[in-house]
Amino acid sequence: MEINSVQVEDRQNFKARKFLMWLFIISSFMMFAALTSGFIVYTEGNVERGIKVLLPKQFMYSTLLILISSFTMHMAYLSAKKLQFANQKLYIGLTILLALAFFFSQYSAWQSLYDSGAYFVNYNASQSFIYVFSGAHLLHIVAGIFMLIYAFIGKIRNIPQVRNIFRMEVTSIFWHFIDILWIYLYVFLLLNQ
């Protein structure tokens with residue numbers, strides 16, 4: 001009887017947590033939609049207000065890294081569902097490493113931008129938007145890394161499978177969201193360079 005009440009309480013907590021995660025995703029999407037709209041309004045199709053700098057190649061490498069990490073995250077989730085816990089830990093670990101590589105690739109892109117004369121504060125706010133877009137996205141990456149670590153630690157501590165699946169599902173949804181978000185930002189910047 002007590003186990004059933006704990007399971008019911010867990011399910012209610014899971015629904016509430018998942019709802020909060022979806023609210024965060026929706027609000028993040030709205031924030032990035034507002035930022036890209038702000039960019040469009042600022043440039044008004046005026047070439048003089050365009051980015052006027054080629055995007056660093058590191059952004060392309062970042063895109064490849066995050067696509068691969070989305071695959072490894074999906075494999076971690078599938079492994080958890082199939083009770084293949086060694087594979088789950090392996091794929092979560094790979095996803096964390098790829099996320100860190102993405103982070104450093106973005107930092108390297110910022111260095112390249114800076115070296116090319118595209119500073120965060122300059123007369124052309126379009127160039128500043130590159131830093132704002134990628135910086136705001138990096139904050140989401142950091143949140144995703146914490147979620148990945150939390151899921152990894154949970155599996156190491158052998159949390160109940162119901163909780164393990166929930167953590168993996170929520171982490172997977174969020175990770176795929178920031179993957180899609182980066183692709184959107186990268187294509188948006190490519191089209192406006």
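This note goes through a predicted model, point by point.

1. **Overall make-up.** Start with the whole chain. The protein chain has 193 residues, and 42% of them count as buried. Its secondary structure comes to 5 helices and 0 strands. Read from the N terminus, the order of elements is α-α-α-α-α. The C-alpha trace spans about 70 × 30 × 20 Å along its principal axes.

2. **Contacts along the sequence.** Take the contacts between residues at least 6 apart in sequence. Of these, 83% join residues at least 24 apart.

3. **The nonpolar core.** The largest nonpolar core holds 46 residues. Phe-59, Ile-130, Ile-141 and Met-168 have the most contacts inside this core. The elements giving two or more residues to it are helix H1 (2-43), helix H2 (57-81), helix H3 (85-115), helix H4 (125-156) and helix H5 (161-191). Which helix gives the most to this core? H5 does, with 15 residues.

4. **Phe-59, a residue of that core.** Phe-59 is worth a look in the viewer. Set aside residues up to four places away in sequence. Phe-59 then touches Gln-106, Ala-109, Leu-113, Ile-130, Ser-134, Trp-182 and Tyr-186. Ile-130 is also among the core residues with the most contacts.

5. **H2 against H4.** Two packed helices are described by the angle between their axes and by the distance between the axes. For H2 and H4 the angle is about 25 degrees, and the axes are 14 Å apart. Angles under 35 degrees count as roughly parallel, so H2 is roughly parallel to H4. Their crossing is left-handed. On the H2 side, the contact is made by Phe-59, Ile-66 and Met-73. On the H4 side, Ile-130, Ser-134, His-137, Ile-141 and Leu-148 take part. How many of the residues in the contact of H2 with H4 are nonpolar, polar and charged? There are 6 nonpolar, 2 polar and no charged residues.

6. **H3 against H5.** The axes of H3 and H5 come within 13 Å and cross at roughly 30 degrees. The cut-off of 35 degrees applies here too, so H3 is roughly parallel to H5. The crossing of H3 and H5 is left-handed. H3 brings Phe-85, Gln-88, Ile-92, Thr-95, Ala-99, Phe-102 and Gln-106 to the contact. H5 brings Gln-161, Asn-164, Met-168, Trp-175 and Trp-182. These residues divide into 7 nonpolar, 5 polar and no charged.

7. **Thr-171 in H5.** Thr-171 is found in helix H5. Is Thr-171 buried or exposed? The cut-off for buried is under 20% relative accessible area. Thr-171 has 3% relative accessibility, so it counts as buried. Leave aside its neighbours within four places in sequence. Thr-171 is then in contact with Met-73, Met-147, Leu-148 and Ala-151.

8. **Lys-52, in a loop.** Lys-52 lies in the loop between H1 and H2. Its phi is near 55 degrees, a positive value in a residue other than glycine. Lys-52 counts as partly exposed, because its relative accessibility is 42%.

9. **Asn-158, in another loop.** Where is Asn-158 found? Asn-158 is in the loop between H4 and H5. Phi of Asn-158 is near 55 degrees, again a positive value in a residue other than glycine. Exposed means over 50% relative accessible area. Asn-158 has 58% relative accessibility, so it counts as exposed.

10. **Asn-122, between H3 and H4.** Asn-122 has its place in the loop between H3 and H4. Its relative accessible area is 22%, so Asn-122 is partly exposed. Apart from neighbours within four places in sequence, Asn-122 is in contact with Gln-127 and Ser-128. Asn-122 and Ala-34 are 88 residues apart in sequence. In space, C-alpha to C-alpha, Asn-122 and Ala-34 are 21 Å apart.

Key
Residues are numbered from 1 along each chain as its sequence is written. This is a predicted model: local features need pLDDT of at least 70, side-chain atom pairs count only at pLDDT 80 or more; totals for chains, interfaces and linings use all residues. Side-chain values use heavy atoms; hydrogens and water are left out. A nonpolar core is a set of buried Ala, Val, Leu, Ile, Met, Phe, Trp, Tyr and Cys residues joined through side-chain atoms within 4.5 Å. Buried means under 20% relative accessible area, exposed over 50%, partly exposed in between (1.4 Å probe, protein chains only). Helices (H or I, at least four residues) and strands (E, at least two) are DSSP runs, numbered from the N terminus. Contact means heavy atoms within 4.5 Å. Axes are lines fitted to C-alpha atoms, for helices over the stretch in contact, and angles run from 0 to 180 degrees between N-to-C directions. Angles under 35 degrees count as roughly parallel, over 145 as roughly antiparallel, 65 to 115 as roughly perpendicular and the rest as oblique. A crossing is left-handed if the near helix is turned anticlockwise from the far one by less than a right angle, and right-handed if clockwise. Ala, Val, Leu, Ile, Met, Phe, Trp, Tyr, Cys and Pro count as nonpolar, Asp, Glu, Lys and Arg as charged, and the others, Gly among them, as polar.
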